[in-house]
Amino acid sequence: MIEEHKDIEALGGSMNVNEEEKKNNHTSPATAYLNRDLSWIEFNRRVLQEAQDPDNPLMERAKFLAIVSSNLDEFISVRVAGIQDQIRAGYTKKDFTGYTPSGLYKRLIKRVSKIIADQYRTFRDISRSLHKEGIVFVNYEDLTPAQELSIEQYYRDIIFPVLTPMAVDQSRPFPLVHSQFIYLAVVLTRKDSQEEEPYFAILQIPSNLPRCIPLPHRSNSKKRQFVFIEDVIRHHIQTLFSGYDPVAVSEFRLTRNSDLTIDEEGAEDLLEEIEKELRKRRRGVPARLEVQKGIHPYALEQLQAEFELEDFVFEIDGPLDLGFLRGFAGSLKGFSYLHDAPIEPLYPAEFDENEDFFEVLRERDVLVYHPYESFDAMTDFITQASEDEQVMAIKMTLYRVSGNSPLISALAVAAESGKQVTVVVELKARFDEERNIAWARKLEQSGCHVVYGLVGLKTHAKITLIVRQEGPELRRYVHVGTGNYNDSTAKAYTDLSLFTANSEIGLDASELFNQMTGYSANYDWNAFVVAPTNMSLSLQKLILREAEHAAAGRPSRIIAKMNSLSNQEVIDNLYSAAQAGVPIDLIVRGVCCLRPGIEGLSERITVRSIVDRFLEHSRIYYFENGGNPEVYLSSADWMTRNLTRRIELMCPVKDPVIRKQIVKILEITLKDNVKSSFLQPNGYYERADDKKAPFRSQFAAMEVTRWKGSRALPSTPKHS
């Protein structure tokens with residue numbers, strides 16, 4: 001889920017913090033490339049715009065603000081922490097965008113500082129608006145006597161028993177501070193003592209208790225008041241340190257390096273190796289320290305000395321970790337009018353409830369457009385296969401699955417009934433490692449063959465193969481997706497699912513699984529484009545083929561929709577094609593290292609980013625090909641990691657009807673003038689500014705499913 005509309009000027013002064021820098025950079029760029037990490041900061045600023053947009057429902061603005069916070073957490077724990085590692089190692093080489101690690105780090109400190117300041121200005125604005133709606137964050141000092149009495153009882157009965165104050169002195173070293181948890185730093189003096197040196201202790205705020213504690217209210221009142229748990233604990237800090245006087249109590253929060261260093265080649269058991277590294281993650285090198293504004297100097301001195309952080313330290317004017325707003329907004333009852341109206345996904349019309357999936361797919365391919373069409377179709381497909389006596393084998397890749405995935409249960413049922421079930425589980429999916437380990441063990445216990453992929457490569461392709469006995473022959477049925485097999489994110493991410501019984505695709509699917517699970521020589525793919533074997537070269541050929549068509553006067557065009565574009569070779573190929581006369585429309589939600597609109601280099605290239613209610617996640621690649629268009633669905637962004645360090649898939653769309661459906665989706669996306677931001681040569685984005693009637697692509701996409709004839713979901717699953 002991520003962004004919305006409005007011109008930058010209409011979003012308030014906080015969005016003008018980069019105006020001077022924009023003016024300075026508005027001339028020709030220093031290099032032909034934009035820096036990946038600085039581009040990511042601009043993406044998160046577009047997310048922040050959605051939190052600032054008064055046209056968005058208030059609770060949706062709060063959710064966007066939470067996304068900004070969680071995005072920053074991940075960015076700092078992985079990208080910034082990696083740059084810090086390079087600086088400590090003395091690495092000084094420039095990247096292809098012209099930055100040394102130290103030079104980039106200085107720029108990132110400035111950009112992160114600016115976005116944090118904007119973030120908390122926005123929080124105060126949202127808080128004021130919530131107050132007008134009767135949702136109030138109350139300071140402890142402002143509680144009424146009745147409220148204070150209620151909170152004191154809550155503290156005694158619920159909070160106090162789980163608190164553990166941890167002193168720091170010569171006999172008790174600094175305790176382990178967990179990444180991204182909120183703590184209190186407490187400075188104390190001993191009562192009736194003349195000692196000048198203060199005492200120091202820390203206290204973890206319980207993460208398993210509500211961050212915002214509701215205050216008593218009249219049953220007929222719509223007003224809802226809340227007090228932060230850290231405010232309550234701070235007010236009662238004396239109960240934890242008898243015999244001492246608290247001098248100051250301040251919040252702090254640490255972010256550690258969360259990247260894993262896995263020796264895949266030397267590991268006898270990859271699962272055990274990853275579990276070992278996950279334990280190490282708890283002690284990752286500190287990357288960022290957030291402290292409450294006005295923190296006591298002695299407390300700050302103690303924290304900086306312990307964490308050895310000098311420059312990536314931020315004083316926060318407000319509650320630490322605004323990520324709490326997502327859960328808070330979703331938990332409030334009686335305020336539905338402050339949310340987006342719910343959207344019920346439709347069941348794909350092609351899968352009529354009176355027919356089975358295999359019968360439908362023998363006649364035609366089927367495209368499903370999430371979240372407008374339901375992921376239940378995928379669940380039903382696997383469930384039917386697990387119960388079908390003619391199904392001989394099911395093979396599937398799993399990268400990120402939900403916490404209670406129905407697919408796991410269906411695969412377990414299939415294995416227990418004697419089918420050959422093979423699941424390629426990617427244990428290294430960042431921050432989902434523990435969940436995937438749990439799924440892997442459950443699948444193994446049910447009799448599935450579980451494979452952890454190839455050494456040195458992440459398995460990121462999203463593909464399912466079902467082999468079915470039909471008379472004297474075996475028929476292959478394939479599902480290829482642009483998104484993960486995750487029923488939860490399928491409600492919030494835009495993705496495409498292709499179901500097909502095409503024989504060429506089926507043969508390639510079998511070979512791909514053979515390569516992932518066994519030993520296999522080089523293979524001439526019939527339809528698939530696969531990374532890391534041939535995707536990079538194939539993309540180069542496809543892009544340069546468009547250049548040849550343009551040079552010969554034949555129709556040429558490239559439309560590419562993805563999450564990120566950062567591979568230098570692909571960017572250079574796009575520049576070459578543009579110079580040859582190919583019009584190129586790039587729809588890149590997040591990071592983009594290509595500079596569009598540079599005369600003589602990229603003036604035929606446009607780059608737009610759409611951030612709206614749903615997270616734009618689908619990867620779609622269109623090549624005009626001299627009037628004989630080719631369309632691909634893919635798991636891969638055009639990033640170096642996708643092309644060289646992951647098993648990725650580009651699948652051609654063979655069915656001409658489905659090609660037209662996908663082209664229509666691209667056309668709708670390109671028409672968006674409400675949620676589109678256009679990348680400028682200087683690396684900044686500007687909102688679409690035309691005089692046409694407002695056109696919001698995600699609203700229009702909902703109509704595409706109705707145009708397809710999809711229908712409301714059945715009251716019970718088709719296959720149960």
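I looked up an open sheet of three strands first, and found the order β1-β6-β5 with mixed pairing; strands here are DSSP runs (E, at least two residues), numbered from the N terminus, and two strands pair if DSSP finds at least two bridges between them. I noted that β1 (135-137) and β5 (212-214) are the edge strands, each pairing on one side only. Strand β6 (residues 224-228) runs parallel to β1, and three bridges join them; in this pair I found isoleucine 135 opposite arginine 224 of β6.

Before going on, I wrote down that this is a predicted model, in which local features need pLDDT of at least 70 and side-chain atom pairs count only at pLDDT 80 or more, while totals for chains, interfaces and linings use all residues. Residues are numbered from 1 along each chain as its sequence is written, and side-chain values use heavy atoms, with hydrogens and water left out.

Of its 116 residues, Ile233, Leu565, Leu574, Leu586 and Leu594 touch the most other members. Helix α3 (residues 58-88) gives the most to this core, with 14 residues, a helix being a DSSP run of H or I with at least four residues.

Last, for the whole chain, I recorded 19 helices and 27 strands, and I noted that 57% of the 720 residues count as buried, meaning under 20% relative accessible area with a 1.4 Å probe, protein chains only.

How values were computed: A nonpolar core is a set of buried Ala, Val, Leu, Ile, Met, Phe, Trp, Tyr and Cys residues joined through side-chain atoms within 4.5 Å. Buried means under 20% relative accessible area, exposed over 50%, partly exposed in between (1.4 Å probe, protein chains only).
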